[in-house]
Structure formats: structure tokens, C-alpha cells
Amino acid sequence: MDYRLAEIPIQSPASSAHLAQLPVREAEDLFQELSRRKSFSTDFELDAGDLRIGDTSDSRLTLRWPDTPVDVAISTRLAEELRLLSGKSKREFGYLLRESPTTIRVQLESAVHELGIRYGGFKIRTADEKAQAILPINYKPLDNHNVAKAFHDECRKWRSKGVDVRIDCCKEESGDLLLTACAPSLAAEVHEGDWLYAGIALWNSEYTTSALEVRPRIYRVFCANGAIAQDAEAEGFSIEKVAQSGVWAKVSAVLGARGQFRRKLAKAFDLAFRPERVKHEASVGRSAAQAILLNPYEHLAHLVASGLLTEEERDVARRLFEA
């Protein structure tokens with residue numbers, strides 16, 4: 001779903017260096033939704049054999065573990081993960097839930113038990129009275145509320161410096177968060193009407209083991225697209241949430257990266273909104289465009305020299321290409 005991020009303006013596509021400012025969208029503020037969800041969220045740490053499958057039917061699939069007074073329903077996303085864990089196709093999984101719930105429960109419990117042994121135990125994340133994720137016991141979450149707050153604070157800091165940072169994308173769905181921002185005031189022109197803008201993107205997930213990623217990004221309005229420049233891969237950073245079991249150096253690295261998240265994010269913003277970076281990418285774009293224009297002419301000259309085209313045919317081809 002689309003959200004607002006604490007009233008920071010959003011951008012709209014435009015064909016010039018001055019992106020039109022739109023009023024704040026009629027949408028719920030992201031912080032409000034994440035705060036509400038967090039107040040109804042709980043994490044449970046379980047041994048490998050503690051997690052069991054409860055009800056299995058075409059309309060209900062639940063989990064149970066010690067000290068839970070009632071079975072816990074699972075989210076649609078987690079139901080799909082359990083299906084994949086069982087190795088069944090959607091059609092076969094649905095059929096077994098309807099026609100042979102005992103069979104699928106036994107198979108799921110076996111698969112979940114094996115997963116628990118591999119994980120060394122479970123961390124069950126719940127929200128809105130549903131189990132949202134089954135994760136390794138050493139999973140170290142970076143919650144979306146904290147991540148979004150840090151991103152918002154950096155945007156406000158840069159706006160206070162006079163850089164017109166705007167939210168380009170503010171989406172959250174089933175625990176997956178995507179935030180992107182751009183700065184229309186930091187722009188460079190490749191060709192007439194073809195503008196590049198400085199920007200940054202952040203991805204995070206509360207319910208998967210995927211790493212948090214932050215990448216500086218170059219927006220190209222001409223293509224109505226935000227593309228990540230090659231050098232941005234080195235400038236960004238990621239934070240893993242699960243360390244390999246028994247590798248204490250990697251555990252320390254994970255914890256250290258988490259502790260340095262805000263510092264790393266501030267550095268990524270500094271790199272993303274450098275004026276010289278946008279100018280450099282624009283010059284690269286101009287050089288590439290010029291090479292594309294020159295190559296066909298060179299090819300035509302080669303065809304004439306080889307006797308495969310007459311000079312008159314070459315001139316016709318040039319005029320058509322220029323048109």
C-alpha cells in the first residue's frame with residue numbers, strides 16, 4: 001500500500017529540472033500504521049520441537065506451541081511459505097487441505113521440524129493476531145518503524161540544508177518496505193529534456209531473512225525510471241539479519257552493522273546527494289549517446305568501402321537515420 005511519510009512532499013514525473021510539487025497524498029501516514037501494528041506484535045522464541053501445526057482446512061491453517069492458550073492463525077504470506085516448504089503445487093496443496101487435512105498436517109509438521117533443526121530453533125513473529133513469519137532463532141530484526149524513522153530524519157536534515165529532498169515512493173506491504181527519495185534541485189541534463197536527479201532507495205523486510213539494503217540512485221525522468229548507477233553499488237550498504245550458526249565473527253559483524261545503521265545511512269545520503277555525482281552520470285550519458293550516434297555512420301562508411309552500398313544509398317540511409 002502507498003503511504004505518506006510525515007508530510008515530506010512527494011514528487012511527480014516532469015520533463016524539466018523543476019519537478020512539480022503535489023499536495024500530500026490522501027493516504028495514511030506510515031508511522032501511524034507501523035506504530036499500530038507494533039503495539040499488537042510479539043516475538044516468540046521456540047525450541048525446534050515446540051512448533052506444531054494446528055488446524056488444517058481449505059479455510060483455516062493454524063500454528064500452536066507451548067503456552068499459547070489458543071491456536072494462532074497464519075497470514076496469507078506465511079501460508080504460501082509453508083506450501084513451498086511442503087514442496088506441493090498450489091493445486092495439490094489446496095486439494096490436500098480440503099480432502100486430506102490429516103495427511104498435509106503430518107507432512108507440514110515433519111517439514112517444520114526439519115526446518116527447526118536446521119535453524120537451531122524458531123523466532124515466530126506475530127502481528128494483528130496472526131503468525132507472520134517463521135524465522136531462525138538467531139534472527140535479528142530491523143523493524144520498519146525504526147528504519148522509516150531514520151530515513152525520514154535524514155530527509156528532513158537535508159531539507160533543512162536547502163536540498164529539496166522529496167519522497168518518490170513510500171510503500172509497505174506484508175512487512176516489506178520500500179522508501180525512495182529524490183532531489184529535484186540536484187539535477188543535470190544529458191540532452192534537452194533528458195534530466196538526471198540525485199536520489200536514494202531503501203528496502204527492508206520484517207518477515208523474511210532478506211538483508212536491509214540502501215542504495216544511492218540516479219533518477220532519469222526521460223525514461224520515467226529510477227536507475228541505480230554502477231558506482232552506486234559500492235556506495236550503498238546492506239545489513240544481514242541472520243549470522244551463520246557458530247561463526248562468532250559474523251555474529252559480531254551483524255550486531256556491529258546494526259549498531260552503526262544510522263551512521264551508515266547518513267553516509268549513504270551524503271554520497272547520494274553529491275552534485276558532482278549527478279553531473280558525472282550526465283556526462284557518461286552524453287558520451288554513451290554520442291557513441292550510439294557515431295557507430296551507425298561508421299558502419300555505413302564501411303559498407304560503402306566494401307562495395308555493398310553506393311554513396312547515394314548511404315546518403316538516403318543517413319537521412320532516414322537522422323529523421
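How many helices and strands are there in the chain?

**View 1. The whole chain.** The chain has 10 helices and 12 strands. The model is predicted: local features need pLDDT of at least 70, side-chain atom pairs count only at pLDDT 80 or more, and totals for chains, interfaces and linings use all residues. Residues are numbered from 1 along each chain as its sequence is written, and side-chain values use heavy atoms, with hydrogens and water left out. Of the 323 residues, 44% count as buried. Buried means under 20% relative accessible area, exposed over 50%, and partly exposed in between (1.4 Å probe, protein chains only).

View 2. Glu109 forms a salt bridge with Arg52, with the closest N and O atoms 3.1 Å apart. The term requires a side-chain nitrogen of Lys or Arg within 4 Å of a carboxyl oxygen of Asp or Glu. This pair links distant parts of the chain: Glu109 lies in helix H4 (residues 101-119) and Arg52 in strand E2 (residues 52-56), 57 residues apart. Arg52 is partly exposed, at 40% relative accessible area. By the same rule, the count comes to 23 salt bridges.

View 3. Lys149 and Asp153 form a salt bridge, their closest N and O atoms 3.0 Å apart. The two are separated by about one helical turn, because they stand four residues apart in helix H5 (residues 144-160). Lys149 is partly exposed at 34%, and Asp153 is partly exposed at 24%.

**View 4. Phe44 and Trp65.** The structure holds six aromatic pairs. Rings of Phe, Tyr and Trp (its six-membered ring) pair if their centres lie within 6.5 Å; planes under 30 degrees apart count as stacked, over 60 as edge-to-face, and the rest as tilted. Phe44 and Trp65 have ring centres 5.2 Å apart and planes at 55 degrees, so the pair is tilted. Phe44 sits in strand E1 (residues 42-46), and Trp65 in the loop between strand E3 (61-64) and strand E4 (72-74). Trp65 is buried at 5%, whereas Phe44 is partly exposed at 30%.

**View 5. An aromatic cluster.** Ring pairs link Phe151, Trp158, Phe269 and Phe273. Both Phe269 and Phe273 are buried. The charged end of Lys161 sits over the ring of Trp158, 4.1 Å from its centre. Such a placement needs NZ of Lys or CZ of Arg within 6 Å of the ring centre and within 35 degrees of the ring normal.
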